Amino acid sequence: RARRPKGVRGPPALCSWGGLDYFRRTGKLTLTAEPTTLRVMPFFAGLKLQSAGRSVRPYASAAAGYFFYREASVIGTVTGGRIGLVAQAGLLLKIKGKVSLDLHVRYTACRAKSGGTDPVTTELGGFQGGLGISVGI
């Protein structure tokens, strides 16, 4: 019979889950090497499958989101928004009461397409690791 890690017990729970992030990246335009700044702000909501436990709660979650983006350079400014997906897995480590430390890995997928006569498709997502505070409601 398989044994659970210490502090993990009970059947998993299905919970609602959501968040808002902000990313900012600076770089250079491909052809002119002029500076450019990209800002991405995804807002997402979905479901989380979380192990019931006292001090350690592993989880996996999936969500749909809307990704607002803005790129500004000397050539001009491009703004918009697209629907994307978010997948996250991690561990909630209880601090006190309903407050936990959240150690996770996340993958976001969202493709943005520029307008104009020669549109360019850009992937706004990717992998990231994170550490945060989770507060149960």
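Good morning. I begin with Ala33, which sits in the loop between strand S2 (23–28) and S3; strands here are DSSP runs of E of at least two residues, numbered from the N terminus. The model is a predicted one, in which local features need pLDDT of at least 70, side-chain atom pairs count only at pLDDT 80 or more, and totals for chains, interfaces and linings use all residues. Residues are numbered from 1 along each chain as its sequence is written, and side-chain values use heavy atoms, with hydrogens and water left out.

Ala33 has a phi near 65 degrees, a positive value in a residue other than glycine. With a relative accessible area of 45%, Ala33 is partly exposed. By that scale, buried means under 20% relative accessible area, exposed means over 50%, and partly exposed lies in between, with a 1.4 Å probe and protein chains only. Ala33 belongs to the turn of a hairpin formed by S2 and S3, with six residues between the two strands.

Let me turn to the pairing of the strands. Two strands are said to pair if DSSP finds at least two bridges between them. S2 and S3 pair in the antiparallel sense over six bridges, and Phe23 stands opposite Val40 in S3. S1 and S3 are also antiparallel, over eight bridges; here Leu14 has Leu49 of S3 as its bridge partner. A hairpin of five residues joins S3 to S4.

Within strand S1 (residues 13–20) we find Cys15. At 24% relative accessibility, Cys15 counts as partly exposed. Cys15 and Leu49 are 34 residues apart in sequence, yet their C-alpha atoms are 6.4 Å apart in space. Leaving aside neighbours within four places in sequence, Cys15 is in contact (heavy atoms within 4.5 Å) with Gly46, Leu47, Lys48 and Gln50.

What makes up the largest nonpolar core? A nonpolar core is a set of buried Ala, Val, Leu, Ile, Met, Phe, Trp, Tyr and Cys residues joined through side-chain atoms within 4.5 Å. The largest one holds 10 residues: Trp17, Val40, Phe44, Ala63, Phe67, Tyr69, Val86, Cys110, Ala112 and Leu124. Strands S3 (35–50) and S4 (56–73) each supply at least two of its residues, and S4 gives the largest share, three residues. In soluble globular proteins, nonpolar side chains tend to be buried together. One member, Ala112, touches Tyr69, Arg82, Val120, Thr121, Thr122 and Leu124, when neighbours within four places in sequence are set aside.

I come now to the charged pairs. How many salt bridges are there? With a salt bridge taken as a side-chain nitrogen of Lys or Arg within 4 Å of a carboxyl oxygen of Asp or Glu, the count is two. In one of them, the side chains of Arg106 and Asp21 meet at 2.2 Å, N to O. This pair links distant parts of the chain, with Arg106 in strand S6 and Asp21 in the loop between S1 and S2, 85 residues apart. Are Arg106 and Asp21 buried or exposed? Both Arg106 and Asp21 are buried, and for Arg106 the relative accessible area is 7%. Strand S6 covers residues 99–109. Beyond neighbours within four places in sequence, Arg106 is in contact with Asp21, Phe44, Val86, Ala87, Gln88, Gly126, Phe127 and Gln128.

Arg111 forms a salt bridge with Glu123, the closest N and O atoms being 3.5 Å apart. Arg111 lies in strand S7 (residues 111–113) and Glu123 in strand S8 (residues 121–123), so this pair ties together parts that are 12 residues apart in sequence. Arg111 is exposed, at 57% relative accessibility, whereas Glu123 is partly exposed, at 36%.

Thank you for your attention.

Technical notes. Helices (H or I, at least four residues) and strands (E, at least two) are DSSP runs, numbered from the N terminus.
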